[in-house]
Amino acid sequence: MIIPVKTRDGGYDIIMERGSLSWVGELIGKDGEGKLSLIVTDDGVPAQYAETVAEACRANGRAEILTIPQGEENKTMESLTAILRKLVELCATRKDRVIAVGGGVVGDMTGLAAALYMRGIDWINIPTTVLSQVDSSVGGKTAIDFAGVKNVVGAFYPPKTVIIDHDTLSTLPKRQVSNGLAEALKMSLTSDEKLFALFENEDPFAHLDEICERAIRIKKAVVEEDECESGLRRVLNFGHTIGHGIELACGGTLLHGECVAIGMVALCADRIRPRLLSVLDKLGLPHEAACDPDEVLALCAHDKKAEDGAVMTVLCRDPGSFQFYLMDFEKLRRRIMTVVRG
Ligand SMILES: NC(=O)c1ccc[n+]([C@@H]2O[C@H](COP(=O)([O-])OP(=O)(O)OC[C@H]3O[C@@H](n4cnc5c(N)ncnc54)[C@H](O)[C@@H]3O)[C@@H](O)[C@H]2O)c1
């Protein structure tokens, strides 16, 4: 299946097919004629995925693999520098390319390196986590964390192609699968009632392909309308305002999707909360966090979405619909208290 995504400067295809990694050469080979491909992965991603891609690229070009240390704590200037340095060492030219094989951390950093090297070279994204397949594969946002702030240095720089092979998820730990499903659940709540029904009535772990496709189509529709996050794209922040504060206040003990899940519980209407909680139970996602509510509030107040005494939030009253709402700090505090126990 091919899902085309339009951008200001053209667009790219998301190719989604189980087993596609094994014929990746057919998908990206023609474009790689005579080129150097630097494949970037991390040491938590099974090495065979990057090796398969490298082998395919070597059929008609050069290929090298760079493995960086895994984890958000390595989404740094040092890792970005390592990618750029490798490109220089390999004498990569403007016609060469980088290929990300891994989760959102590898994808975001590789995309940023592509944007910077010689003012922009091609990059291909091969996401291998649920989160990166349903979310970061669409939209062209690239970034690293810097000076203690998440994703603060980055660029809008879409890939040339995205290749999604759900078979790569067979090696992903279950907690990471649930973590990614939280983002798809978020999109269902704001934008796709039928997808929410799937989460409620079926076993989501048995429907990863369909969930991923529906989530990608939602995100595609949003980013095509608002590529550079000036309006509608903020709907994707549902659950993130409070979730982001919790993520920081909990000092990395909870995964991003887990914090988004808690953030959604805080900002959904009372009438759908019980339904959301039972889906979270099914997915093994938490309802609340143990950290300091005042710290969460302070972090929300410093969030880039905060305005004078208030924060722009996304509320959900019924599955498949949302509202933007400028929430003052007192109201926000009360919402935080419903999900954070100090
Ligand atoms: N660009 C965007 O639009 C966008 C959107 C959402 C999130 N993000 C970013 O994505 C990042 C989170 O991505 P993530 O959740 O994929 O985390 P991640 O990249 O850290 O991957 C999670 C873990 O899974 C391992 N892993 C990856 N693929 C695997 C596989 N197939 N089998 C076994 N292990 C595997 C990794 O080594 C890592 O330890 C964050 O930095 C976030 O900011 C970006």
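1. Residues 24 or more positions apart account for 73% of the contacts in the protein chain, counting contacts with a separation of 6 or more. The model is a predicted one, and the points below should be read with that in mind.

2. Overall dimensions. The protein chain has 342 residues and a radius of gyration of 20 Å, which agrees with the value near 20 Å for a compact globule. Along the principal axes, the C-alpha trace spans about 60 × 40 × 35 Å. Buried residues make up 49% of the chain. The secondary structure consists of 13 helices and 12 strands.

3. Domain division. The assignment gives domain 1 as residues 2–171 and domain 2 as residues 174–339. The C-alpha centres of the two domains lie 26 Å apart. Across the boundary, 20 residues of domain 1 are in contact with 22 residues of domain 2.

4. The domain 1 side of that boundary. Strand E1 (2–7), strand E2 (10–16) and helix H5 (130–136) each supply at least two residues of the side that touches domain 2. H5 gives the largest share, 5 residues. By class, this side of domain 1 has 11 nonpolar, 6 polar and 3 charged residues.

5. Ligand shell. The ligand is surrounded by 28 residues, of which the closest are Gly44, Gly103, Gly104, Thr129 and Ser136. Helix H4 (104–116), H5 and helix H6 (174–191) are the elements that give two or more residues to this shell. By class, the shell divides into 6 nonpolar, 16 polar and 6 charged residues.

6. Nonpolar core. The largest nonpolar core holds 103 residues, and Val53, Val101, Ile246 and Val296 touch the most other members. Helix H10 (residues 256–267) gives the largest share of this core, 8 residues. Both domains take part, since the core draws at least three residues from each of domain 1 (2–171) and domain 2 (174–339).

7. Surroundings of Val296. Leaving out residues up to four places away in sequence, Val296 touches Ile242, Gly245, Ile246, Ala249, Cys291, Ile336 and Val340. Ile246 in this list is itself one of the core residues that touch the most other members.

8. Cys291. This residue sits in the loop between helix H11 (273–283) and helix H12 (293–301). Cys291 counts as buried because 21 other C-beta atoms lie within 10 Å, against a cut-off of 20 or more. Apart from neighbours within four places in sequence, Cys291 is in contact with Ile246, Ala249, Cys250, Val296, Val340 and Gly342. Ile246, Ala249 and Val340 are also among the residues that Val296 touches. For the pair Cys291 and Cys250, the separation is 41 residues in sequence and 5.9 Å in space, C-alpha to C-alpha.

9. Met118 has a positive phi of about 50° although it is not a glycine. Arg119, likewise not a glycine, has a positive phi of about 60°. Which of the classes buried, partly exposed or exposed applies to Met118? Met118 is partly exposed, with 13 other C-beta atoms within 10 Å. Arg119 is exposed, with 7 other C-beta atoms within 10 Å.

10. Arg58. Helix H2 (residues 47–58) contains Arg58. Arg58 counts as partly exposed because it has 14 C-beta neighbours inside 10 Å. Arg58 and Met327 are 269 residues apart in sequence, and their C-alpha atoms are 54 Å apart in space.

11. Ser278. Helix H11 contains Ser278. Ser278 is exposed, with 11 other C-beta atoms within 10 Å, where the class requires 12 or fewer.

Definitions and conventions
Residues numbered from 1 in each chain as written. Predicted model: local features only at pLDDT ≥ 70, side-chain atom pairs only at ≥ 80, totals over all residues. Helix = DSSP H or I, 4+ residues; strand = E, 2+ residues; numbered from the N terminus. Rg over C-alpha atoms; globule rule 2.2 N^0.38 Å. Contact = placed C-beta atoms within 7 Å. Nonpolar A, V, L, I, M, F, W, Y, C, P; charged D, E, K, R; others polar. Near = placed C-beta within 6 Å. Core = buried A, V, L, I, M, F, W, Y, C linked by C-beta atoms within 7 Å.
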